[in-house]
Every structure is written in C-alpha cells, then in structure tokens.
Amino acid sequence: MRKAVLFIVMLFAHPAHAEEPFRLDLPIACKIGETCWVQQYPDRDTTSGVKDYACGSQTYDDHDGTDIRIRDTAASADVIASATGTVKGLRNSVADHLMLTPEERENVGSRECGNGVVIDHGNGWETQYCHLRNGSISVKAGETVAAGTRLGAVGYSGMAAFPHVHLSVRKDGKSLDPFRVSDDPETCGSGNDGLWTDAALAVLAYTRGSVLRTGFAPGGVQIEALESGALGDPPFGADWPALVGYGWAINLAKGDVISLSLTGPDGIAAENSVTLDRAKAQYLLFAGQKRPVSGWPKGDYQGHFEVRNGAELKLTRTWTQRLE
C-alpha cells in the first residue's frame, strides 16, 4: 500500500504543462495608422458576398489573409516574423510590378504570392508572408527565426495592386482568420478567440476608413501616380497652371459622403463631393481651379477633406500651404 501511495505522489508531483496558445505579433515594422494601414481582412462570408470579422466589407471574395499596406512604392518597411519557427520555404526573384489590369493579373500565373516566406511554427501552425520586395529576403530555408526577425521588405511582387504584406495563417493546412478563428460567419468582432498578442491587437483596432494622403498638385491626380509615389510632394509655386487639392482614402462604405474644398486669398475657391453607392477599397477625390490671369495671389491656401456617413464624421484632414 505504501508503494502505491508513493507512486501516486510522484505522478502528481510533476504535472504536465498545458500547451501555450499560439499567438501572433505584427508581421511588419511600421506604425499602424501613420505609415501603414490594414487594407483588407480575410473574407468570412461563405457565399459570393464578402464580410470581414467586424461584419464590414473590408475584404474581397475568398481572400484568405490580412493585407497591411504602406503608402506607396516609394515608401519602405520591413516584413518580420509574427512568431518563432523554422523557415519552411521561400521565393526571392519575382519582379515588383503593380497589377493594374486584368491582363496583368492573368499573366501572374501560379506566382500570386510573389516573393514570400513560409514559416513552420510546430503543432500544425504555419504562417506565410507574400509580396515581398524582389531580392530583399534575408533568411534561408531551414533557418530558425524568432518573432520579430526581419524576413525581407514590403514589396509589390505577384498579385499586388498596391505595396503590402499579405499574411496567411494556417492550422493543419486550413486557413484561419487571426482576428477570429471561430467558424461562425455571423459573429462580429474579435471576441476572445483571436490569435494576436495583446500588444498587436491594441494597434490593429478596426477602423471604418483611413486617409492615406492629401495635398496640392499642379494638375489632375491619378491613383496610379499616388500608388507609385511618382507624384511626390511638390511645393505650390507661382508658375502652377492649376491648383488641385486631392484626398486619397481607403476602406470606404456605401453611403459615405466624401467632400473636398479648396480656399485661398482673393476669393480662390473650389469644392467637390460624391456619395458612394457601394463600398470602395479606395477612392480619390479632387477639386481645383486654373491659374487666374493675374497669377496666383500670395497668401495661405487651405484644403479640407472629409468623409461623413449620416451624422457621423468618419474622417477629416486639413492642410495649408503658403505662397510667398
């Protein structure tokens, strides 16, 4: 009897440790809401419709990952490992090219991820990081990496219409939404079954739209010029043939009223507005006027951009340039 009691004491003296829950840090080194933004979430809708984890429309049909973008291709940010693991595979030689037409998308073929890294975290967990900049990957297959290890740089290789990192999370081969792993597509909000660390989730708070950029330009503005960084940030000059104020925003909803106004000395004024009839992943609005015959009067010129939905002011940005 004493031997049996001793055996039981020894058995329970060293209880097995419960497996630590799998948690993810940010996959990118940037400031969410300032130098980078979540553009698209995994699609939780099982039909041809779309629904992100907050029951919004910031996704597209069958999208299986989280897209975190930088402002344009002239900007930069490191892609980093979200959790400790072993590099399972990578690709590092796909050219960076914004996919802007159906023909370009068709030519991507099987390289939709572009340059990417796959990390095995054990116990069936796996993360994949896509669209990295050509030649930027700094890890090797078989290498063990810690959370926060630099994998490469944000790029726009593969099926990328804007510069971003696409993070996919899989458990036993099944894609999961890191904001809510539950299969219930009707439940909204992150609840308590997401995969992010508390620190990551705190900066990934869901927002109903973001302003990427506002400013002045000497003529019409195109989204392609903004995405590529080609527009730059030219100072307002007396030789400008026109003064155009513009606002560029993402993740807008049906019914959003987008407005832009421009004012300056001696009665300089222009305005424009539009009401969205459906959700938009991004929208560019501008207003302006041609240079007066007498030239641009000296003084302060101000632009104001805002997005409203009903009585709610969702986004607002005001900026000023002075002509000496």
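This is a predicted model: local features need pLDDT of at least 70, side-chain atom pairs count only at pLDDT 80 or more; totals for chains, interfaces and linings use all residues.
Me: How many disulfides does a search of the whole structure find?

Reply: A disulfide is a covalent bond between the sulfur atoms of two cysteines. The working criterion is a pair of cysteine sulfur atoms within 2.5 Å, and a search of the whole structure finds 3 disulfides. With bonded cysteines counted along the chain, they follow the pattern 1-2, 3-6, 4-5.

Me: Which disulfide is right-handed?

Reply: Cys 30 and Cys 36 have their sulfur atoms 1.9 Å apart, and the torsion about their S-S bond is about 80°, so this disulfide is right-handed. Cys 36 is buried, with a relative accessible area of 0%; here buried means under 20% relative accessible area, exposed means over 50%, and partly exposed lies in between, with a 1.4 Å probe and protein chains only.

Me: Are Cys 113 and Cys 130 buried or exposed?

Reply: Cys 113 and Cys 130 are both buried, and they form a disulfide with sulfur atoms 2.1 Å apart. Its torsion is about -100°, so this disulfide is left-handed.

Me: How many aromatic pairs does a search of the whole structure find?

Reply: Rings of Phe, Tyr and Trp (its six-membered ring) pair if their centres lie within 6.5 Å, and planes under 30 degrees apart count as stacked, over 60 as edge-to-face and the rest as tilted. A search of the whole structure finds 12 aromatic pairs. In one of them, the rings of Tyr 53 and Phe 179 have centres 4.6 Å apart and planes at 15°, so the pair is stacked. Tyr 53 is in the loop between strand E2 (36-40) and strand E3 (66-70), and Phe 179 is in the loop between strand E11 (174-176) and helix H3 (198-203), 126 residues apart. Both residues of this pair, Tyr 53 and Phe 179, are buried. Phe 236 and Trp 240, by contrast, form an edge-to-face pair, with 5.1 Å centre to centre and 65° between the planes.

Me: Which residues form one aromatic cluster?

Reply: Tyr 41, Tyr 53, Phe 179, Trp 196 and Tyr 206 form one aromatic cluster.

Me: Which residues is Gly 189 in contact with?

Reply: Contact means heavy atoms within 4.5 Å. Leaving aside neighbours within four places in sequence, Gly 189 is in contact with Tyr 53, Ala 54 and Arg 180. Gly 189 is found in the loop between E11 and H3, and is partly exposed, with a relative accessible area of 21%.

Me: What is the volume of the largest pocket?

Reply: Rolling a probe the size of a water molecule over the atoms shows where empty space is left. On a 1 Å grid over the protein atoms alone, a cavity is a set of points where a 1.4 Å probe fits but cannot get out, and a pocket is an open set with protein on both sides within 12 Å along at least five of seven lines; lining residues have an atom within 4 Å of a point. Grid points are joined across faces, edges and corners, and a volume is the space filled by probe spheres set on the points. The largest pocket has a volume of about 540 Å³, and of its 22 lining residues, Gln 39, Gln 40, Ala 161, Ala 281 and Gln 282 lie nearest its centre.

Terms used. Residues are numbered from 1 along each chain as its sequence is written. Side-chain values use heavy atoms; hydrogens and water are left out. Helices (H or I, at least four residues) and strands (E, at least two) are DSSP runs, numbered from the N terminus.
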